[in-house]
Amino acid sequence: MTVHTFGTMGTVASLRFATDTLSPADIAEVEAVFTAHDRTYSLWDERSPLSAVARGDLRLVDTDPAIREVYGLAIDWRQRTDGAFTPHRPDGVVDLSGVVKALAMRDAGDVLDRASDAWLLTVGGDVLARGAHADEGSWTVGVVDPDRRDALAASLQIGSPRRALATSGIAERGEHIWVRGAETFAQVTVAADDIVTADVLATAVMAGDQADLNRITASFAVDVLAFGRDGSCVATPGARPWLAPTTVRAE
């Protein structure tokens, strides 16, 4: 098994694959996918079109159609989550980071799918996989305990159909999510069939409350593990087997 890492979008991406399945050209194409998304949508890069929109130098309606399509996708997710997910910061700035990393992972996954039938891609804690580990069977992914960063609260085997996993929380990056009501959750992990759904819904639950969690799990085919700021833990039926034996907070 080979591991290739590279920096992107302010975090680290890690790609695991069998030595003979991916060529240097395949890996370069994967990195290029992330570079292209970052150059277009980063609000940290003053040269990006989205930074120009944030400064008022460029109107969103005058951006490339692809940018407007991504904005439309984010608006669609806002409607589907009853506003728990939004592409607008409290100050009105359009911030598409809530979907862009997942879109980059999705597009990189398309590249990897064409080249290999077994790989695992992680970016900033989010995971997308295909196939199985050659030596150990299904890919096993751990979920860190939000209260003890040196311990796992859960682990799961990721693969078809739940090939995507996303975690949103405050333990690593602090308060970086725009919570629209009472601060309910400290960490939320969502498993879904695609990475965009997993990433958006993890953010939406983090930004919302128990009612949002209930509505989302009733509306989407996902498994969810959510840790409350009060020390509680809520796991949907599909996520309960993930929990470590030492996790005694599950309801």
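Tutor: With the lining of the second largest pocket: its largest share, 4 residues, comes from β5. The model is predicted, so local features need pLDDT of at least 70 and side-chain atom pairs pLDDT 80 or more, while totals for chains, interfaces and linings use all residues. Residues are numbered from 1 along each chain as its sequence is written, and side-chain values use heavy atoms, without hydrogens and water.

Student: What makes a residue part of the lining of a pocket?

Tutor: A lining residue has an atom within 4 Å of a pocket point; on a 1 Å grid over the protein atoms alone, a pocket is an open set of points with protein on both sides within 12 Å along at least five of seven lines. In the second largest pocket 11 residues line it, and Arg 16, Leu 120, Thr 122, Thr 140 and Val 141 lie nearest its centre. Both β3 (119-123) and β5 (139-145) supply at least two lining residues each; strands are DSSP runs of E, at least two residues, and helices runs of H or I, at least four, numbered from the N terminus.

Student: Why are α1 and α4 called roughly antiparallel?

Tutor: The axes of α1 (residues 24-41) and α4 (residues 97-115) cross at roughly 160 degrees and come within 9 Å. Angles run from 0 to 180 degrees between N-to-C directions, with axes fitted to C-alpha atoms over the stretch in contact. Over 145 degrees counts as roughly antiparallel, under 35 as roughly parallel, 65 to 115 as roughly perpendicular and the rest as oblique. The angle therefore makes α1 roughly antiparallel to α4.

Student: How do you know that α3 and α4 are roughly perpendicular?

Tutor: Helix α3 (residues 65-80) packs on α4 at an angle of about 115 degrees, with the axes 10 Å apart. α3 and α4 are therefore roughly perpendicular to each other.

Student: Which residues of α3 and α4 meet, and how do they divide by class?

Tutor: Val 70, Leu 73 and Ala 74 of α3 meet Val 99, Val 100 and Leu 103 of α4, contact being heavy atoms within 4.5 Å. The division is 6 nonpolar, no polar and no charged. Ala, Val, Leu, Ile, Met, Phe, Trp, Tyr, Cys and Pro count as nonpolar, Asp, Glu, Lys and Arg as charged, and the others, Gly among them, as polar.

Student: What makes α4 roughly antiparallel to α5?

Tutor: The axes of α4 and α5 (residues 195-207) come within 8 Å and cross at roughly 160 degrees. That angle makes α4 roughly antiparallel to α5.

Note on methods. On a 1 Å grid over the protein atoms alone, a cavity is a set of points where a 1.4 Å probe fits but cannot get out, and a pocket is an open set with protein on both sides within 12 Å along at least five of seven lines; lining residues have an atom within 4 Å of a point.
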